[in-house]
Amino acid sequence: MAKGREAEDGGEDRAEGGAVDAAELRGRVRELLAAHPPGAVSPEEFLRARFDAGLAWVHFPRGLGGLGAPRSLQPVVDAELAAADAPDNDPRRIGIGLGMAAPTILRYGTEEQKQRFLRPLWTGEEPWCQLFSEPGAGSDLAGLRTRAVREPGGDWIVDGQKVWTSSAHTARWAILIARTDPDVPKHQGITYFVCDMTDPGVEVRPLRQLTGEAEFNEVFLTGVRIPDAHRLGAIGDGWRVAQATLMNERVAIGGRVLPREAGMVAAAAATWRERPELRTPELHDRLLSAWIDAEVARLSAERVRQQLAVGSPGPEGAGLKLAFARLNQRISGLEVELLGEDGLRYGDWTMVRPRSVDFYGRDAGYRYLRAKGNSIEGGTSEILRNIIAERVLELPAEPRTDKDAAWKDLPR
Ligand SMILES: Cc1cc2nc3c(=O)[nH]c(=O)nc-3n(C[C@H](O)[C@H](O)[C@H](O)COP(=O)(O)OP(=O)(O)OC[C@H]3O[C@@H](n4cnc5c(N)ncnc54)[C@H](O)[C@@H]3O)c2cc1C
């Protein structure tokens, strides 16, 4: 899989490296393989060397795992390294870091933050999670209550509760938003931090979900100490910084570019091909219609990817993510139906805390249940429709009575 392409943003820094073409990248890959033969060094050592050679995400700036090359050249590097059987990182395990933390750090981080965080993020040595949602703040994220109070001239002390935190149990770092000024309107009093998940004040408790496993957690923050050097962006500007994360999140969830007939539709099509006895003309029609819609979504994602080469993702990502959720639910439902009684069998309902989410390593029942979350995670489908209405179609905004009142005065 094309690991560098998992990370968004970075387009603005492209010019820095001048013209890097495919031939140069192939040459650099050969040099990397000669200096660090994959069989002779550990996977971690190889990945660190790949990052240092600028071959991690080629569109990132030089010195930060890239070469300022066009994003579209990443597949050249990935293909050469795959052909050499070189070790790779695992985007399913570190997707939050690659897809959300990295582009936010690149855009808003200080030079020290970029140098400190990006390399172990990309190699997978330091996984990340996202401490945004709270029991009373999901769709209305700006209403969040977790407080960060600064000691005079020093560290921030954070208290509060987060929920639905995917991979908090494996994360070394978290992107966190907290309220730093309750006296101003809710969007203005938020600041964005990097939180150390090993701080003694961080408590992670598993939340078992519909599928039986606990991908996500509730996270209690009690007196968590965050140095001011781990603030991302200006004090009170956290909402703007968070928008960069959320836009990238939607593209990371819904905008993955896959080969034709990959993803959810691949599983349903494989069942169709392997089990002719299950076929009916009606199911055939529905599968074909879903196949075409999946192809349209795939090509749309490709187009958004190409637009990303010249900037950061905008509200268009909402459309991709909406279509992805709808398709995944429709196709996984069709697969279960296609399988008849077999579709009702559920492989394994053991409570585990997985290190990654794998839609395709398990049975149709798992895909069907897990896809339910697709229309909630990364912004619900209703909220995405609101974003498309207001920011893409420019329809009148929903009335918002709480926009100008101080957060502390809002009714709860
Ligand atoms: C699998 C999964 C993984 C997740 N991982 C993370 C994570 O790692 N980190 C993290 O911070 N969060 C995570 N989340 C949380 C997710 O972002 C929230 O669940 C989501 O934003 C919705 O918030 P909520 O659950 O509080 O629902 P609510 O906001 O309470 O919404 C309830 C219902 O009301 C509807 N609704 C709310 N407001 C409006 C409106 N203005 N107009 C129309 N309808 C509206 C919603 O669409 C929804 O149907 C995850 C969620 C899932 C399912």
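Guide: Let us begin with the elements: helices (H or I, at least four residues) and strands (E, at least two) are DSSP runs, numbered from the N terminus. This is a predicted model, in which local features need pLDDT of at least 70 and side-chain atom pairs count only at pLDDT 80 or more, while totals for chains, interfaces and linings use all residues. Residues are numbered from 1 along each chain as its sequence is written, and side-chain values use heavy atoms, with hydrogens and water left out.

Visitor: Fine. How many salt bridges are found in the whole structure?

Guide: The search finds 35 salt bridges, a salt bridge being a side-chain nitrogen of Lys or Arg within 4 Å of a carboxyl oxygen of Asp or Glu.

Visitor: Take Arg-28 and Glu-24, then; where do they lie?

Guide: Both lie in helix H1 (residues 22–35), 4 residues apart, which is about one turn of the helix, and their side chains meet in a salt bridge with an N to O distance of 2.9 Å. An α-helix has 3.6 residues a turn, so residues three or four places apart point the same way.

Visitor: What about Arg-260, which residue does it form a salt bridge with?

Guide: The partner of Arg-260 is Glu-295, with the closest N and O atoms 3.2 Å apart. Arg-260 lies in the loop between helix H6 (238–254) and helix H7 (264–274), whereas Glu-295 lies in helix H8 (residues 281–308), so the pair ties together parts that are 35 residues apart in sequence. Here Arg-260 is exposed, with a relative accessible area of 55%, while Glu-295 is buried, at 10%. There is also a network of salt bridges, which links Arg-275, Glu-277, Asp-342 and Arg-345.

Visitor: Changing topic: which residues touch the most other members of the largest nonpolar core?

Guide: They are Trp-57, Leu-118, Trp-128, Phe-132, Ile-177 and Tyr-192, in a core of 36 residues. A nonpolar core is a set of buried Ala, Val, Leu, Ile, Met, Phe, Trp, Tyr and Cys residues joined through side-chain atoms within 4.5 Å. Helix H4 (91–108) is among the elements that give two or more residues to this core, and others include helix H5 (111–123), strand S4 (173–179) and strand S5 (190–196). The largest share, 9 residues, comes from H4.

Visitor: What is Leu-118 in contact with?

Guide: Leaving aside neighbours within four places in sequence, Leu-118 is in contact with Phe-51, Trp-57, Phe-60, Leu-64, Ala-102, Ile-105 and Gln-113, where contact means heavy atoms within 4.5 Å.

Visitor: And those two strands, how many bridges join S4 to S5?

Guide: The two strands run antiparallel and are joined by 7 bridges; two strands pair if DSSP finds at least two bridges between them. The bridge partner of Ile-177 in S5 is Tyr-192, and S5 is mostly covered, with 6 of its 7 residues buried.

Visitor: Why is helix H10 largely enclosed?

Guide: Because 6 of the 8 residues of helix H10 (residues 364–371) are buried, the helix is largely enclosed by the rest of the structure. Its buried residues include Tyr-366, Arg-367 and Arg-370, and what covers them includes H7 and helix H9 (316–338).

Visitor: What does Arg-367 touch?

Guide: Not counting residues up to four places away in sequence, Arg-367 touches Met-264, Ala-267, Ser-332, Glu-335, Phe-359, Tyr-360 and Arg-362. At 7% relative accessibility, Arg-367 counts as buried.

How values were computed. Buried < 20%, exposed > 50% of the residue type's maximum accessible area, 1.4 Å probe, protein only.
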